[in-house]
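Before reading the questions below, please look over the sequence and the structure, and try to answer each question yourself before going on to its answer.

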Amino acid sequence: MSMRADAMLAAMPTVLIIDDNAAVAMALEVLFSLHDIAALRAASPEEGLALLAREPVDLVIQDMNFTADTTSGEEGVALFDAIRARHPDLPVILLTAWTQLSSAVELVKAGAADYLAKPWDDGRLLTTVNNLLELSEARR
């Protein structure tokens, strides 16, 4: 990679996608790459937290459920709390197939930036992500 490409990559914001569904993570990764946003993927809360510990990340998009047949959102709440504890200012967007999930609403009250339903609307997601990235850049 050339020095210029390295510098461009450094200037690109980075989103961490934490979702056990590889197709969802890949779709988001492709969407962001088309809009000059770098994406990292983690398939589990543990992997996501480990990546956060070693990579500079500007925003997290996290699923609410990771275990098959789990729809309670408890895993998402635990993950959100763990991210908040380590990175209090990091914007977090919740992604859930269960929009009526009261835990998603509670997490927005607790400081999550937003929550989106699966399947998401690309335009709305990009608008939300770009707004949050600009906000966090302005704070820095």
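**Strands, helices and what they cover**

In this predicted model, strand 3 runs parallel to strand 4 (residues 92-96), and four bridges join the two.

Q: Which residue of strand 4 is the bridge partner of Gln62?
A: Strand 3 and strand 4 run parallel and are joined by four bridges. Within this pairing, the residue of strand 4 that is the bridge partner of Gln62 is Leu94.

Q: Which residue in strand 3 is the bridge partner of Val15?
A: Strand 3 also pairs with strand 1, again in parallel and through four bridges. In that pairing, the bridge partner of Val15 is Leu59.

Q: What is the order of the strands in the open sheet?
A: Strand 1 (residues 14-18) pairs with strand 2 in the parallel sense over five bridges, and Ile17 stands opposite Arg41 of strand 2. Strand 1 is also joined to strand 3 by four bridges, and strand 3 to strand 4 by four bridges. The open sheet has five strands with parallel pairing, and their order is 2-1-3-4-5.

Q: Which strands stand at the edges of the sheet?
A: The order of the strands in the open sheet is 2-1-3-4-5. A strand at the edge has a single partner strand, so one side of it is left without a neighbour in the sheet, and this applies to strand 2 (38-42) and strand 5 (114-117).

Q: What is the handedness of the β-α-β unit made by strand 3, helix 4 and strand 4?
A: Strand 3 and strand 4 run parallel, and helix 4 (residues 74-86) belongs to the unit together with these two strands. The β-α-β unit that they make is right-handed.

Q: Is Ala82 buried or exposed?
A: Ala82 has its place in helix 4, where the buried residues include Leu79, Phe80 and Ile83. The buried residues of this helix pack against strand 1, helix 3, strand 3, strand 4 and helix 5 (102-109). A residue counts as buried under 20% relative accessible area, and because the value for Ala82 is 15%, Ala82 is buried.

Q: How far apart are the end C-alpha atoms of helix 4?
A: Helix 4 has 13 residues, and at 1.5 Å a residue it should span 18 Å.

Q: With which residues is Thr128 in contact, leaving aside its neighbours within four places in sequence?
A: Thr128 lies in helix 6 (residues 122-139), and at 13% relative accessibility it counts as buried. Leaving aside the neighbours within four places in sequence, the residues in contact with Thr128 are Ile93 and Asp114.

Q: What radius of gyration does the chain have?
A: The chain contains six helices and five strands, and buried residues make up 42% of its 140 residues. For a chain of 140 residues, a compact globule would have a radius of gyration near 14 Å, and the chain agrees with this, having a radius of gyration of 14 Å.

Key
Residues numbered from 1 in each chain as written. Predicted model: local features only at pLDDT ≥ 70, side-chain atom pairs only at ≥ 80, totals over all residues. Heavy atoms only, no water. Buried < 20%, exposed > 50% of the residue type's maximum accessible area, 1.4 Å probe, protein only. Contact = heavy atoms within 4.5 Å. Pairing = 2+ DSSP bridges. Right-handed = clockwise from strand over helix to strand, strands pointing away. Expected span 1.5 Å × (residues − 1). Rg over C-alpha atoms; globule rule 2.2 N^0.38 Å.
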